[in-house]
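This briefing is intended to be read alongside the sequence and the coordinates. Please keep both in view while working through the topics below.

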Amino acid sequence: MLTKKCVHVALLFVAIVYIVLQIQLASRTSSASWLGATLLVTTTAYSNAIPNNNTTTNSFYGSQATGSRPIRLIIHVGPPKTATTSIQCTLAKAEKSGRLSKFLSAKVVEAESCRPTVKEARLRFDKYKDQFQHLSNKENNITIMKDDEPNNMETLSKVIKGRSFIPECIFKWNGLGDDYTTTSLRYPNCWGESYLNYIQSYRTATKHSTFVISNEHLAMTFGKFREQTCKRVLDDVLSSLGGGSGSSSSTVEIIYTHRMFLDYLISMHSQEYGGDKFKSKPVLRKWVVSEEKEGKHTPALVNYVTEKMKLDFDLLSNSIKCLRLASNGSQRVQFKLIDYSDSGNVLQSFIRILTKGDESLASNIFNVAYQIRENEAFSKKQLIPSDRIALIAYTEGLIPTDAKGNVIISRGEARAAVKEVMDTLNTTQIKYRCPQKMYQPLLDQLLEKTIQLEQLAFPEREGVKEQVSQKFKNAINNQRLCDVDGYEMVKDAKLRSLLVEKFQSLR
């Protein structure tokens, strides 16, 4: 009997040991499987495998769950004539190649230059309509709804061409009245929640985490804001991005490029009256007759600069102040200023900010070695003196006419002919008309405003007044505020003969 009991106990013991061993084996197998899966995911993530729906892979952020990754919103505000086109075209090229998405998980949401094709733009507008419930296409107009009252914002055709409506939106908003300076300020959807829904849709569909808006007119729009508006202008944006304080919060980076005021004004003159403007402005296509009843002269550079300096000084200085107010006291907003003259290359400085100083990453994304779009400013500027000489040639009777005395070549044809002749001359043969003493008080004002704007942009920099004064003096000595003297040029017998011969060949 005792023997049977011993056998039963022994069998029970063996069974228990067997069960324990099976449990331990199962546990080890499960643990090994879990560890193996972890290693597989990690290895896959860092070998640039195609990500699944919940994980995104890129060199900038590594592998990270999309839902936990904060949004980085970069708003490049310009202003004009500060290499914005070069930046936008480079971004467009990097995005089209897929490198911007692959290496930076970034998407260009808005860009004023390098616009898409008409087909792409229509798709873009369809995307707008999907995300902006307050937009409508009634009577070929896009409207922004506020308190059930539509305010015409921008026509459908402009959006189809690729125009960003953000500047239009906040410009309208800024002009709605004093009620928008109160603490109960309700910001329109086009700037806050609705627009961020548009960005969030990209985030959901593409798993991107960095979004770039680039529009050179934004700086001037911010320059129209009231102080109270500036302090809260990004509140709705930050709220819609989500997240509070801390490293996991979504952030906004405002990038502004400062150019010395004098240089900016001179460049604006070329933009407004050079190049394509001769084609788009009817008054610059027609010959100038008595009292400028049809065509008009291009304004003298010194006249343009001194007339424009007051308005643009206020806009530029106010935009810097406004953007600083928007970023003050917020850990989630950074205002980054690029110095156009000292940075060496504005495009490189922008890319350095975009990639957080990672030169290797910058090289991978922008493998065209920071190729800057060919600057057409110089060639545009060259058409202005050619136009001046063509108009003097017209008044001097050098333009060929028909039997009835009507000129038989257009102002544009004469301008192009003069440029061909001018290209054969050396610089010593070109005569200039420079500002006379009567302009000195205006030039003194321009110098003072140039210094003030430089000090505002770089308050920590020493010796700004002396540096700017020297640059201003050099600009005057180098005849940068001078215009080609058409009268003196046409008086030159050799040039006059060359022009007549060239004009006659166009008959």
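The model is predicted. A search of the whole structure finds 2 disulfides. A disulfide is a covalent bond between the sulfur atoms of two cysteines.

**Disulfide Cys 230 to Cys 322**

- The sulfur atoms of Cys 230 and Cys 322 are joined at an S to S distance of 2.1 Å.
- Because the torsion about the S-S bond of Cys 230 and Cys 322 is about -110°, this disulfide is left-handed.
- Cys 230 belongs to helix 9 (residues 227-232) and Cys 322 to helix 13 (residues 301-327), so the bond ties together parts that are 92 residues apart in sequence.
- Both Cys 230 and Cys 322 are buried.

**Disulfide Cys 434 to Cys 482**

- Cys 434 and Cys 482 form a disulfide with their sulfur atoms 2.0 Å apart.
- The torsion about the S-S bond of Cys 434 and Cys 482 is about 110°, and the disulfide is therefore right-handed.
- Cys 434 sits in the loop between strand 10 (432-433) and helix 18, while Cys 482 sits in the loop between helix 19 and strand 11 (483-484), so the pair ties together parts that are 48 residues apart in sequence.
- Cys 434 has a relative accessible area of 27% and is partly exposed, whereas Cys 482, at 11% relative accessibility, counts as buried.

**Packing of helix 18 and helix 19**

- The axes of helix 18 (residues 440-457) and helix 19 (residues 464-477) come within 9 Å and cross at roughly 135°.
- With angles over 145 degrees counted as roughly antiparallel and 65 to 115 as roughly perpendicular, helix 18 and helix 19 are therefore oblique to each other.
- The crossing of helix 18 with helix 19 is right-handed.
- Helix 18 contributes Leu 443, Leu 446, Leu 447, Thr 450, Ile 451, Glu 454 and Gln 455 to the contact, and helix 19 contributes Val 464, Lys 465, Val 468, Ser 469 and Phe 472.
- By residue class, the contact of helix 18 with helix 19 comprises 7 nonpolar, 3 polar and 2 charged residues.

- Leu 100 is part of helix 3 (residues 99-104).
- With a relative accessible area of 0%, Leu 100 is buried.
- Apart from neighbours within four places in sequence, the contacts of Leu 100 include Leu 91, Ala 94, Glu 95, Ser 105, Ala 106 and Val 108. Leu 354, Ile 365 and Phe 366 are also in contact with Leu 100.
- Leu 100 and Thr 210 are 110 residues apart along the chain, and their C-alpha atoms are separated by 9.7 Å.

Notes: Residues numbered from 1 in each chain as written. Predicted model: local features only at pLDDT ≥ 70, side-chain atom pairs only at ≥ 80, totals over all residues. Heavy atoms only, no water. Axes fitted to C-alpha atoms, helices over the stretch in contact; angles between N-to-C directions. Helix = DSSP H or I, 4+ residues; strand = E, 2+ residues; numbered from the N terminus. Parallel < 35°, antiparallel > 145°, perpendicular 65-115°, else oblique. Left-handed = near helix turned anticlockwise from the far one by under 90°. Contact = heavy atoms within 4.5 Å. Nonpolar A, V, L, I, M, F, W, Y, C, P; charged D, E, K, R; others polar. Disulfide = S-S within 2.5 Å. Buried < 20%, exposed > 50% of the residue type's maximum accessible area, 1.4 Å probe, protein only.
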